[in-house]
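User: Hey, I'm new to this one. Can you walk me through it?

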Amino acid sequence: RDYPRVGIMTTLHRACAALAVCLAVSASTREVSVDVGDFTVSLATRGPSAFRLRVAPRGTTIAETVMVDDTLEDAEFESFSDDYSTGIRSPFGSIAVTSDGEVVLADSSGRTLTKSEPITKYQPPASNDYGWREGVGAWGGTCTCPDGRVYQVGDHNRACKYGGASLFCVGGTPGECEKHSRSERKGKGVVCAGAHLLVLSAEDGMLYGKGASPDDAEVFTQYSVSPLVCNTAAFTPYYYAPGDRYGALGATAVGANTGNGMKVSYKTNGHKVIWTWSEGYLELYLMPADTMEEGTRSYYELTGRPSMLPKYAYGFGASRWGWEDRRYIEDAIQNFRDGQFPIDYIIVDFEWFASETDYGFQPPGKSSYKDFGWNPKLFSEPQKQLREYSEKYNIRFAGIRKPRIGNTEILDQIRPKGWMLPGGEPAGSWPPLYDQAYAIDRCLNFAQPDVRDWYASEMAHYTDDGVAFWWNDEGETNYFTYHWWNVAERQAVESRTPGKRFLSLNRAFTPGMSRLGAAVWTGDILATWEFLRKTPGTMLNWVLG
(Lines give C-alpha, C1' and ligand atoms only; values in the text may rest on other atoms or scores of the structure.)
Protein backbone atom coordinates (compact mmCIF):
# COMPACT_ATOMS: atom_id res chain seq x y z
CA ARG A 1 0.00 0.00 0.00
CA ASP A 2 1.29 3.45 -0.89
CA TYR A 3 1.08 5.23 2.47
CA PRO A 4 1.78 8.97 2.70
CA ARG A 5 5.30 9.31 3.98
CA VAL A 6 5.32 9.63 7.79
CA GLY A 7 8.94 8.81 8.47
CA ILE A 8 7.93 5.12 8.64
CA MET A 9 7.65 3.28 5.35
CA THR A 10 7.21 -0.30 6.50
CA THR A 11 6.72 -2.25 9.70
CA LEU A 12 10.33 -3.47 9.44
CA HIS A 13 11.56 0.08 9.92
CA ARG A 14 9.48 0.74 13.05
CA ALA A 15 12.30 0.11 15.47
CA CYS A 16 14.61 2.62 13.73
CA ALA A 17 11.82 5.16 13.52
CA ALA A 18 10.97 4.74 17.19
CA LEU A 19 14.62 5.27 18.10
CA ALA A 20 14.71 8.46 16.03
CA VAL A 21 11.59 9.68 17.78
CA CYS A 22 13.15 9.04 21.20
CA LEU A 23 16.20 11.03 20.18
CA ALA A 24 13.95 13.91 19.09
CA VAL A 25 12.15 13.88 22.42
CA SER A 26 15.42 14.14 24.29
CA ALA A 27 16.41 17.24 22.30
CA SER A 28 15.75 20.77 23.52
CA THR A 29 12.75 21.24 21.23
CA ARG A 30 10.75 18.68 23.25
CA GLU A 31 8.62 17.57 20.32
CA VAL A 32 7.96 14.56 18.11
CA SER A 33 8.14 15.19 14.36
CA VAL A 34 7.03 13.01 11.48
CA ASP A 35 6.96 13.65 7.72
CA VAL A 36 3.65 13.59 5.87
CA GLY A 37 4.06 14.22 2.17
CA ASP A 38 5.78 17.58 1.76
CA PHE A 39 4.99 18.58 5.35
CA THR A 40 6.65 18.05 8.70
CA VAL A 41 4.07 17.47 11.42
CA SER A 42 5.32 18.24 14.95
CA LEU A 43 3.61 17.27 18.20
CA ALA A 44 4.31 18.67 21.68
CA THR A 45 2.61 19.84 24.85
CA ARG A 46 2.31 23.54 25.61
CA GLY A 47 1.54 24.70 29.09
CA PRO A 48 -0.25 22.45 31.58
CA SER A 49 -3.22 21.38 29.42
CA ALA A 50 -2.67 21.93 25.68
CA PHE A 51 -1.16 20.03 22.76
CA ARG A 52 0.66 21.95 20.06
CA LEU A 53 0.25 20.64 16.50
CA ARG A 54 2.42 22.18 13.79
CA VAL A 55 1.95 21.49 10.08
CA ALA A 56 4.76 23.10 8.09
CA PRO A 57 6.56 22.64 4.77
CA ARG A 58 9.81 20.81 5.44
CA GLY A 59 12.67 23.03 6.51
CA THR A 60 10.42 25.93 7.55
CA THR A 61 11.67 28.19 10.34
CA ILE A 62 8.95 28.59 12.94
CA ALA A 63 8.46 31.35 15.53
CA GLU A 64 5.82 30.60 18.16
CA THR A 65 2.87 32.96 18.24
CA VAL A 66 2.82 35.78 20.79
CA MET A 67 -0.69 34.70 21.77
CA VAL A 68 0.86 31.93 23.87
CA ASP A 69 2.48 32.75 27.21
CA ASP A 70 6.23 32.28 26.72
CA THR A 71 6.82 31.65 30.46
CA LEU A 72 4.77 28.45 30.55
CA GLU A 73 6.10 25.20 31.95
CA ASP A 74 5.02 22.45 29.58
CA ALA A 75 3.31 19.25 30.70
CA GLU A 76 5.35 16.07 30.57
CA PHE A 77 4.56 13.57 27.84
CA GLU A 78 5.71 10.20 26.57
CA SER A 79 6.03 9.30 22.91
CA PHE A 80 4.64 6.16 21.29
CA SER A 81 4.89 4.54 17.87
CA ASP A 82 3.19 1.44 16.46
CA ASP A 83 1.93 0.08 13.17
CA TYR A 84 -0.98 2.53 13.19
CA SER A 85 0.36 5.84 14.45
CA THR A 86 3.11 7.93 16.02
CA GLY A 87 2.26 10.36 18.77
CA ILE A 88 2.54 11.62 22.32
CA ARG A 89 0.56 10.91 25.46
CA SER A 90 0.12 13.21 28.47
CA PRO A 91 -2.04 13.20 31.63
CA PHE A 92 -4.80 15.13 29.78
CA GLY A 93 -4.93 13.04 26.59
CA SER A 94 -3.02 12.12 23.46
CA ILE A 95 -2.40 13.32 19.93
CA ALA A 96 -1.07 11.20 17.09
CA VAL A 97 -0.45 11.08 13.34
CA THR A 98 -1.65 7.89 11.67
CA SER A 99 0.07 6.02 8.85
CA ASP A 100 -2.55 7.59 6.53
CA GLY A 101 -1.49 11.10 7.56
CA GLU A 102 -4.51 11.77 9.80
CA VAL A 103 -4.27 13.67 13.10
CA VAL A 104 -6.18 12.10 16.01
CA LEU A 105 -6.91 13.94 19.27
CA ALA A 106 -8.10 11.92 22.27
CA ASP A 107 -8.88 12.69 25.91
CA SER A 108 -7.31 11.03 28.95
CA SER A 109 -9.74 8.08 28.74
CA GLY A 110 -8.71 7.37 25.14
CA ARG A 111 -11.96 8.64 23.62
CA THR A 112 -11.40 10.25 20.21
CA LEU A 113 -12.46 13.91 20.25
CA THR A 114 -11.67 14.79 16.65
CA LYS A 115 -9.87 13.25 13.71
CA SER A 116 -8.59 15.01 10.63
CA GLU A 117 -8.79 13.95 7.05
CA PRO A 118 -5.36 13.03 5.60
CA ILE A 119 -3.13 16.10 5.60
CA THR A 120 -2.06 15.41 2.02
CA LYS A 121 -5.65 15.12 0.72
CA TYR A 122 -5.95 18.79 -0.20
CA GLN A 123 -3.11 20.32 -2.18
CA PRO A 124 -3.13 24.14 -2.49
CA PRO A 125 -3.91 25.14 -6.09
CA ALA A 126 -1.54 27.47 -7.96
CA SER A 127 -4.52 29.53 -9.15
CA ASN A 128 -8.13 29.91 -8.04
CA ASP A 129 -9.85 26.58 -8.70
CA TYR A 130 -13.46 27.38 -9.64
CA GLY A 131 -15.79 24.74 -10.99
CA TRP A 132 -18.30 21.98 -10.42
CA ARG A 133 -18.48 20.51 -6.88
CA GLU A 134 -20.43 17.47 -5.82
CA GLY A 135 -23.20 18.13 -3.31
CA VAL A 136 -23.40 21.90 -3.88
CA GLY A 137 -26.80 23.51 -4.38
CA ALA A 138 -28.16 26.61 -6.11
CA TRP A 139 -28.72 28.67 -2.97
CA GLY A 140 -25.53 30.57 -2.19
CA GLY A 141 -23.61 33.82 -2.58
CA THR A 142 -20.21 35.25 -3.36
CA CYS A 143 -16.68 34.17 -2.47
CA THR A 144 -13.88 36.74 -2.70
CA CYS A 145 -10.39 35.26 -3.06
CA PRO A 146 -7.27 37.09 -1.76
CA ASP A 147 -6.45 38.30 -5.28
CA GLY A 148 -9.75 40.23 -5.28
CA ARG A 149 -11.61 37.99 -7.73
CA VAL A 150 -15.24 37.33 -6.85
CA TYR A 151 -17.05 34.06 -7.65
CA GLN A 152 -20.68 32.95 -7.46
CA VAL A 153 -20.75 29.77 -5.36
CA GLY A 154 -23.45 27.48 -4.05
CA ASP A 155 -24.12 26.32 -0.52
CA HIS A 156 -22.93 22.86 0.48
CA ASN A 157 -26.51 21.51 0.68
CA ARG A 158 -26.87 22.95 4.18
CA ALA A 159 -29.86 25.19 3.31
CA CYS A 160 -27.80 28.23 4.34
CA LYS A 161 -28.04 27.04 7.95
CA TYR A 162 -24.52 28.26 8.74
CA GLY A 163 -24.71 31.58 6.91
CA GLY A 164 -21.60 32.38 4.87
CA ALA A 165 -19.91 29.26 6.23
CA SER A 166 -22.40 27.18 4.21
CA LEU A 167 -20.86 28.41 0.95
CA PHE A 168 -18.28 26.35 -0.92
CA CYS A 169 -15.66 29.07 -0.42
CA VAL A 170 -12.22 27.79 0.60
CA GLY A 171 -9.42 30.21 1.35
CA GLY A 172 -11.58 33.25 0.54
CA THR A 173 -14.05 35.57 2.23
CA PRO A 174 -17.66 34.35 1.96
CA GLY A 175 -20.56 36.71 1.50
CA GLU A 176 -24.10 36.20 2.73
CA CYS A 177 -25.83 32.93 1.90
CA GLU A 178 -28.92 33.81 -0.11
CA LYS A 179 -31.92 31.51 0.22
CA HIS A 180 -32.93 31.55 -3.42
CA SER A 181 -31.68 29.69 -6.48
CA ARG A 182 -29.42 31.10 -9.18
CA SER A 183 -28.37 28.92 -12.10
CA GLU A 184 -24.86 30.40 -12.41
CA ARG A 185 -23.87 29.18 -8.95
CA LYS A 186 -25.61 25.82 -8.88
CA GLY A 187 -23.02 23.14 -8.13
CA LYS A 188 -20.19 25.70 -8.17
CA GLY A 189 -17.44 26.19 -5.62
CA VAL A 190 -13.97 27.73 -5.44
CA VAL A 191 -10.71 26.89 -3.71
CA CYS A 192 -8.57 30.04 -3.73
CA ALA A 193 -4.94 29.93 -4.80
CA GLY A 194 -2.49 28.85 -2.10
CA ALA A 195 -5.16 27.70 0.35
CA HIS A 196 -3.98 24.98 2.72
CA LEU A 197 -6.60 22.97 4.58
CA LEU A 198 -6.78 20.95 7.77
CA VAL A 199 -10.21 19.31 7.98
CA LEU A 200 -11.34 18.04 11.40
CA SER A 201 -14.35 15.88 12.19
CA ALA A 202 -17.13 17.50 14.24
CA GLU A 203 -20.05 16.21 16.26
CA ASP A 204 -22.09 19.36 15.62
CA GLY A 205 -21.55 22.92 14.41
CA MET A 206 -21.76 24.68 17.78
CA LEU A 207 -18.53 26.65 18.30
CA TYR A 208 -17.99 29.34 20.94
CA GLY A 209 -15.23 31.89 21.47
CA LYS A 210 -15.15 33.84 18.21
CA GLY A 211 -15.21 37.38 19.59
CA ALA A 212 -17.90 39.71 18.21
CA SER A 213 -18.89 42.82 16.26
CA PRO A 214 -22.03 44.95 16.75
CA ASP A 215 -23.75 42.81 14.10
CA ASP A 216 -23.43 39.53 16.04
CA ALA A 217 -22.91 40.67 19.63
CA GLU A 218 -26.01 38.77 20.77
CA VAL A 219 -25.05 35.55 18.95
CA PHE A 220 -22.83 33.18 20.91
CA THR A 221 -22.09 30.57 18.27
CA GLN A 222 -20.25 31.20 15.03
CA TYR A 223 -19.79 29.08 11.95
CA SER A 224 -17.07 31.07 10.20
CA VAL A 225 -14.32 33.26 11.66
CA SER A 226 -11.53 35.25 10.03
CA PRO A 227 -9.50 36.88 12.83
CA LEU A 228 -9.60 40.66 12.69
CA VAL A 229 -9.37 43.75 14.89
CA CYS A 230 -11.13 47.03 14.17
CA ASN A 231 -13.08 49.77 15.89
CA THR A 232 -15.97 48.08 17.81
CA ALA A 233 -15.05 44.53 16.70
CA ALA A 234 -12.53 41.84 17.55
CA PHE A 235 -12.46 38.28 16.18
CA THR A 236 -10.08 35.59 17.39
CA PRO A 237 -8.77 32.29 15.91
CA TYR A 238 -10.19 30.30 18.84
CA TYR A 239 -13.19 28.12 19.54
CA TYR A 240 -14.55 25.69 22.10
CA ALA A 241 -16.56 22.80 20.63
CA PRO A 242 -18.97 21.44 23.30
CA GLY A 243 -20.08 18.55 21.08
CA ASP A 244 -16.51 17.34 20.65
CA ARG A 245 -15.24 18.52 24.05
CA TYR A 246 -12.09 20.37 23.13
CA GLY A 247 -10.83 23.89 22.46
CA ALA A 248 -8.58 25.07 19.62
CA LEU A 249 -6.42 28.13 19.02
CA GLY A 250 -4.91 28.61 15.56
CA ALA A 251 -1.95 30.67 14.36
CA THR A 252 0.21 31.01 11.29
CA ALA A 253 3.56 32.49 10.25
CA VAL A 254 4.17 35.97 11.67
CA GLY A 255 5.19 37.33 8.29
CA ALA A 256 1.90 36.14 6.79
CA ASN A 257 -0.16 38.46 8.98
CA THR A 258 -0.53 41.79 7.24
CA GLY A 259 -3.08 44.50 7.86
CA ASN A 260 -5.59 44.17 10.68
CA GLY A 261 -6.36 40.51 9.98
CA MET A 262 -4.66 37.15 10.40
CA LYS A 263 -4.22 34.71 7.53
CA VAL A 264 -5.68 31.72 9.30
CA SER A 265 -9.39 31.04 9.64
CA TYR A 266 -11.91 28.34 10.42
CA LYS A 267 -15.44 27.45 9.45
CA THR A 268 -17.81 24.60 10.12
CA ASN A 269 -20.51 23.03 7.99
CA GLY A 270 -21.96 21.06 10.90
CA HIS A 271 -19.98 17.85 10.50
CA LYS A 272 -16.51 19.26 9.78
CA VAL A 273 -14.35 22.11 11.04
CA ILE A 274 -12.11 23.40 8.25
CA TRP A 275 -8.98 25.36 9.16
CA THR A 276 -7.51 27.35 6.28
CA TRP A 277 -4.19 29.15 6.00
CA SER A 278 -2.61 30.66 2.92
CA GLU A 279 1.05 31.21 3.78
CA GLY A 280 3.74 29.52 5.86
CA TYR A 281 2.55 27.00 8.40
CA LEU A 282 -0.29 26.20 10.77
CA GLU A 283 0.06 26.08 14.55
CA LEU A 284 -2.94 24.55 16.26
CA TYR A 285 -3.20 24.37 20.04
CA LEU A 286 -5.69 21.67 21.05
CA MET A 287 -7.12 21.43 24.57
CA PRO A 288 -9.24 18.42 25.62
CA ALA A 289 -11.96 19.72 27.96
CA ASP A 290 -15.30 18.21 28.99
CA THR A 291 -16.99 21.58 29.67
CA MET A 292 -16.77 25.14 28.43
CA GLU A 293 -15.60 26.21 31.88
CA GLU A 294 -12.74 23.71 31.74
CA GLY A 295 -11.97 24.69 28.14
CA THR A 296 -11.87 28.40 28.99
CA ARG A 297 -9.60 27.71 31.94
CA SER A 298 -7.21 25.74 29.71
CA TYR A 299 -7.32 28.52 27.11
CA TYR A 300 -6.43 31.15 29.72
CA GLU A 301 -3.63 28.93 31.00
CA LEU A 302 -2.25 28.71 27.47
CA THR A 303 -2.45 32.41 26.64
CA GLY A 304 -1.56 33.59 30.14
CA ARG A 305 -3.85 34.32 33.04
CA PRO A 306 -5.06 37.93 33.17
CA SER A 307 -2.92 40.18 35.35
CA MET A 308 -4.45 41.71 38.46
CA LEU A 309 -5.17 45.32 37.57
CA PRO A 310 -4.66 48.30 39.92
CA LYS A 311 -7.55 48.79 42.33
CA TYR A 312 -8.66 52.08 40.77
CA ALA A 313 -9.21 50.33 37.41
CA TYR A 314 -12.37 48.75 38.83
CA GLY A 315 -13.92 52.13 39.63
CA PHE A 316 -15.63 54.77 37.51
CA GLY A 317 -13.71 56.93 35.05
CA ALA A 318 -14.62 60.07 33.12
CA SER A 319 -13.32 60.10 29.56
CA ARG A 320 -13.90 62.67 26.85
CA TRP A 321 -12.46 64.41 23.81
CA GLY A 322 -12.78 68.13 24.49
CA TRP A 323 -11.25 69.05 27.87
CA GLU A 324 -10.78 72.78 27.23
CA ASP A 325 -8.04 73.89 29.61
CA ARG A 326 -6.59 73.39 33.10
CA ARG A 327 -9.46 75.19 34.81
CA TYR A 328 -12.02 73.07 32.97
CA ILE A 329 -10.32 69.86 34.19
CA GLU A 330 -10.06 71.03 37.79
CA ASP A 331 -13.64 72.34 37.89
CA ALA A 332 -14.87 68.96 36.64
CA ILE A 333 -12.85 67.10 39.28
CA GLN A 334 -14.10 69.41 42.04
CA ASN A 335 -17.72 69.02 40.89
CA PHE A 336 -17.42 65.24 41.04
CA ARG A 337 -16.16 65.41 44.60
CA ASP A 338 -18.57 68.14 45.75
CA GLY A 339 -21.50 66.20 44.35
CA GLN A 340 -20.20 62.97 45.89
CA PHE A 341 -20.23 61.23 42.53
CA PRO A 342 -17.89 58.24 42.38
CA ILE A 343 -14.80 58.74 40.22
CA ASP A 344 -11.35 57.13 40.28
CA TYR A 345 -9.68 58.41 37.12
CA ILE A 346 -10.00 60.76 34.16
CA ILE A 347 -8.97 60.10 30.56
CA VAL A 348 -7.99 62.94 28.23
CA ASP A 349 -7.88 62.73 24.44
CA PHE A 350 -5.49 64.46 21.97
CA GLU A 351 -5.62 67.77 23.82
CA TRP A 352 -3.44 66.60 26.74
CA PHE A 353 -0.29 66.51 24.59
CA ALA A 354 -1.15 68.20 21.27
CA SER A 355 -2.82 71.43 20.17
CA GLU A 356 -4.24 69.78 17.04
CA THR A 357 -5.13 66.31 15.80
CA ASP A 358 -3.05 64.53 13.16
CA TYR A 359 -5.96 63.11 11.14
CA GLY A 360 -5.33 65.35 8.16
CA PHE A 361 -1.55 64.90 8.13
CA GLN A 362 0.14 63.62 4.99
CA PRO A 363 3.04 61.09 5.24
CA PRO A 364 5.67 63.80 5.96
CA GLY A 365 3.81 64.89 9.12
CA LYS A 366 4.20 68.40 10.61
CA SER A 367 7.17 70.01 12.34
CA SER A 368 4.88 71.75 14.86
CA TYR A 369 3.38 68.48 16.13
CA LYS A 370 4.72 67.14 19.44
CA ASP A 371 4.36 63.38 19.93
CA PHE A 372 5.89 63.08 23.41
CA GLY A 373 5.25 66.41 25.14
CA TRP A 374 2.52 68.20 27.09
CA ASN A 375 -0.02 70.77 25.95
CA PRO A 376 0.59 73.75 28.30
CA LYS A 377 -2.99 74.96 27.88
CA LEU A 378 -4.16 71.96 29.92
CA PHE A 379 -0.98 70.95 31.71
CA SER A 380 1.27 73.92 32.39
CA GLU A 381 2.67 72.09 35.44
CA PRO A 382 2.06 68.41 34.70
CA GLN A 383 3.94 66.89 37.66
CA LYS A 384 2.37 69.28 40.18
CA GLN A 385 -1.11 68.90 38.69
CA LEU A 386 -1.13 65.10 38.53
CA ARG A 387 0.31 64.83 42.04
CA GLU A 388 -2.46 67.10 43.35
CA TYR A 389 -5.18 65.18 41.49
CA SER A 390 -3.90 61.94 43.01
CA GLU A 391 -3.14 63.08 46.57
CA LYS A 392 -5.95 65.61 47.13
CA TYR A 393 -8.76 64.05 45.10
CA ASN A 394 -7.61 60.41 44.78
CA ILE A 395 -8.06 60.64 41.00
CA ARG A 396 -5.60 59.15 38.52
CA PHE A 397 -4.83 60.47 35.07
CA ALA A 398 -4.64 58.60 31.75
CA GLY A 399 -3.83 60.03 28.35
CA ILE A 400 -4.70 58.79 24.91
CA ARG A 401 -1.96 57.30 22.73
CA LYS A 402 -1.89 56.59 19.00
CA PRO A 403 0.53 54.00 17.53
CA ARG A 404 1.99 56.47 15.06
CA ILE A 405 4.19 59.52 14.71
CA GLY A 406 3.15 62.99 13.54
CA ASN A 407 6.32 65.03 13.92
CA THR A 408 8.29 65.53 10.69
CA GLU A 409 11.76 65.46 12.27
CA ILE A 410 11.08 62.19 14.11
CA LEU A 411 9.62 60.60 10.98
CA ASP A 412 12.71 61.61 9.00
CA GLN A 413 14.92 59.96 11.63
CA ILE A 414 13.11 56.64 11.92
CA ARG A 415 11.87 55.95 8.38
CA PRO A 416 15.33 54.99 7.07
CA LYS A 417 15.49 52.37 9.83
CA GLY A 418 12.48 50.53 8.40
CA TRP A 419 10.37 51.06 11.50
CA MET A 420 7.07 51.88 9.80
CA LEU A 421 4.21 49.59 8.82
CA PRO A 422 2.88 49.76 5.26
CA GLY A 423 -0.47 51.46 4.85
CA GLY A 424 -2.35 53.15 7.66
CA GLU A 425 -5.31 52.88 10.06
CA PRO A 426 -8.65 51.71 8.59
CA ALA A 427 -11.33 54.38 8.97
CA GLY A 428 -14.78 54.03 10.49
CA SER A 429 -15.93 51.29 12.81
CA TRP A 430 -17.45 47.93 11.84
CA PRO A 431 -16.97 47.00 9.06
CA PRO A 432 -13.68 48.88 8.56
CA LEU A 433 -13.34 51.34 5.67
CA TYR A 434 -10.05 50.36 4.10
CA ASP A 435 -10.39 52.76 1.16
CA GLN A 436 -10.49 55.68 3.63
CA ALA A 437 -7.43 54.68 5.67
CA TYR A 438 -5.44 57.50 7.25
CA ALA A 439 -2.03 58.06 8.91
CA ILE A 440 -0.48 56.50 5.80
CA ASP A 441 3.19 55.57 6.26
CA ARG A 442 3.24 56.98 9.81
CA CYS A 443 2.35 53.88 11.86
CA LEU A 444 5.04 52.21 13.96
CA ASN A 445 5.86 48.52 13.62
CA PHE A 446 5.98 47.56 17.30
CA ALA A 447 6.84 43.95 16.42
CA GLN A 448 10.45 45.12 16.02
CA PRO A 449 12.43 45.10 19.31
CA ASP A 450 14.33 48.27 18.34
CA VAL A 451 11.04 50.12 17.86
CA ARG A 452 9.81 49.02 21.28
CA ASP A 453 13.07 50.03 22.97
CA TRP A 454 13.00 53.47 21.34
CA TYR A 455 9.32 54.03 22.10
CA ALA A 456 9.74 52.95 25.74
CA SER A 457 12.59 55.44 26.20
CA GLU A 458 10.46 58.26 24.75
CA MET A 459 7.49 57.35 26.95
CA ALA A 460 9.28 56.68 30.26
CA HIS A 461 9.25 60.32 31.46
CA TYR A 462 5.45 60.26 31.60
CA THR A 463 5.62 57.74 34.45
CA ASP A 464 7.85 60.20 36.35
CA ASP A 465 5.35 62.95 35.59
CA GLY A 466 2.52 60.97 37.18
CA VAL A 467 0.60 59.37 34.29
CA ALA A 468 -1.14 56.32 35.79
CA PHE A 469 -2.06 54.37 32.65
CA TRP A 470 -2.65 54.63 28.90
CA TRP A 471 -5.72 54.72 26.70
CA ASN A 472 -4.59 53.05 23.45
CA ASP A 473 -6.61 54.05 20.42
CA GLU A 474 -6.57 53.29 16.68
CA GLY A 475 -4.13 50.38 16.94
CA GLU A 476 -5.78 48.29 14.22
CA THR A 477 -2.80 48.83 11.92
CA ASN A 478 -1.78 45.17 12.26
CA TYR A 479 -3.42 42.22 13.98
CA PHE A 480 -0.78 42.25 16.72
CA THR A 481 -0.12 46.01 17.02
CA TYR A 482 -1.99 46.25 20.33
CA HIS A 483 -0.01 43.35 21.78
CA TRP A 484 3.45 44.68 20.95
CA TRP A 485 2.45 48.27 21.72
CA ASN A 486 1.52 47.17 25.24
CA VAL A 487 4.83 45.35 25.61
CA ALA A 488 6.61 48.64 24.83
CA GLU A 489 4.45 50.67 27.22
CA ARG A 490 4.89 48.14 29.98
CA GLN A 491 8.65 48.26 29.37
CA ALA A 492 8.55 52.06 29.82
CA VAL A 493 6.67 51.83 33.13
CA GLU A 494 8.88 49.03 34.42
CA SER A 495 12.01 51.07 33.67
CA ARG A 496 10.91 53.77 36.15
CA THR A 497 8.73 51.90 38.66
CA PRO A 498 9.74 48.22 38.79
CA GLY A 499 6.96 45.98 40.05
CA LYS A 500 4.18 48.53 39.52
CA ARG A 501 0.94 47.03 38.20
CA PHE A 502 0.57 47.96 34.57
CA LEU A 503 -2.74 49.04 33.05
CA SER A 504 -3.82 50.07 29.59
CA LEU A 505 -7.26 50.41 28.04
CA ASN A 506 -7.38 49.31 24.38
CA ARG A 507 -9.93 49.66 21.57
CA ALA A 508 -9.51 46.03 20.48
CA PHE A 509 -7.63 42.94 21.62
CA THR A 510 -5.91 39.76 20.55
CA PRO A 511 -5.58 36.58 22.65
CA GLY A 512 -2.88 36.78 25.32
CA MET A 513 -2.91 40.56 25.84
CA SER A 514 -4.62 40.34 29.22
CA ARG A 515 -1.54 38.73 30.78
CA LEU A 516 0.25 42.05 30.18
CA GLY A 517 -2.32 44.09 32.14
CA ALA A 518 -4.13 45.23 28.99
CA ALA A 519 -7.89 45.80 29.30
CA VAL A 520 -10.31 46.58 26.47
CA TRP A 521 -13.28 48.82 25.85
CA THR A 522 -16.02 48.27 23.29
CA GLY A 523 -14.82 50.91 20.86
CA ASP A 524 -16.50 54.05 19.58
CA ILE A 525 -20.08 52.93 20.06
CA LEU A 526 -23.01 55.32 20.10
CA ALA A 527 -24.86 56.46 23.22
CA THR A 528 -28.05 54.62 22.27
CA TRP A 529 -30.22 51.97 23.90
CA GLU A 530 -29.41 49.61 21.01
CA PHE A 531 -25.69 49.66 21.76
CA LEU A 532 -26.34 49.38 25.49
CA ARG A 533 -28.43 46.26 24.84
CA LYS A 534 -25.61 44.73 22.81
CA THR A 535 -22.87 45.44 25.34
CA PRO A 536 -23.33 42.37 27.61
CA GLY A 537 -23.20 40.05 24.58
CA THR A 538 -20.15 41.81 23.20
CA MET A 539 -18.30 41.49 26.50
CA LEU A 540 -19.24 37.84 26.99
CA ASN A 541 -18.10 36.93 23.48
CA TRP A 542 -14.86 38.85 23.99
CA VAL A 543 -14.21 37.17 27.34
CA LEU A 544 -14.67 33.74 25.73
CA GLY A 545 -12.38 34.77 22.85
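Predicted model: local features only at pLDDT ≥ 70, side-chain atom pairs only at ≥ 80, totals over all residues.

User: Which residues of H8 are buried?

Analyst: They are Phe531, Lys534, Gly537, Thr538, Asn541, Trp542 and Leu544.

User: OK, and how many residues does H8 have?

Analyst: H8 runs over residues 529-544, which makes 16 residues. From first C-alpha to last it reaches 24 Å, close to the expected 22 Å.

User: Where is the kink in H8?

Analyst: At Thr535, shortly before the proline Pro536, and the kink is about 35 degrees.

User: You mentioned S20. What sheet is that in?

Analyst: S20 belongs to an open sheet of 6 strands, in the order S1-S2-S3-S24-S21-S20, with antiparallel pairing. S20 is an edge strand, as is strand S1 (32-36), and each of these pairs on one side only. From one strand to the next, the twist averages 20 degrees.

User: How many bridges are there between S21 and S24?

Analyst: There are 7, joining S21 (residues 246-252) and S24 (residues 282-288) in the antiparallel sense. Tyr246 stands opposite Pro288 in S24.

User: Switching topic: how many aromatic pairs are there?

Analyst: The count comes to 41. One of them involves Tyr246 again: the ring centres of Tyr239 and Tyr246 are 5.8 Å apart with the planes at 70 degrees, so this pair is edge-to-face.

User: Are those two buried or exposed?

Analyst: Tyr239 and Tyr246 are both buried. Another pair is Trp352 with Tyr462, where the centres lie 5.1 Å apart and the planes meet at 70 degrees, so that one is edge-to-face too.

User: Where do Trp352 and Tyr462 sit in the chain?

Analyst: Trp352 is in the loop between strand S26 (345-348) and helix H4 (382-393), while Tyr462 is in helix H6 (residues 449-465). The pair links distant parts of the chain, 110 residues apart. Trp352 and Tyr462 are both buried.

User: Last one: what's going on with S7 and S8?

Analyst: Strand S7 (residues 103-107) and strand S8 (residues 112-115) pair in the antiparallel sense over 3 bridges, and Leu105 stands opposite Thr114 in S8. Their hairpin has 4 residues between the strands, and Gly110 takes a positive phi near 95 degrees there.

How values were computed:
Residues numbered from 1 in each chain as written. Heavy atoms only, no water. Helix = DSSP H or I, 4+ residues; strand = E, 2+ residues; numbered from the N terminus. Expected span 1.5 Å × (residues − 1). Bend = angle between axes of the 7 residues up to and from the residue. Buried < 20%, exposed > 50% of the residue type's maximum accessible area, 1.4 Å probe, protein only. Pairing = 2+ DSSP bridges. Axes fitted to C-alpha atoms, helices over the stretch in contact; angles between N-to-C directions. Phe/Tyr/Trp six-rings, centres within 6.5 Å; stacked < 30°, edge-to-face > 60°.
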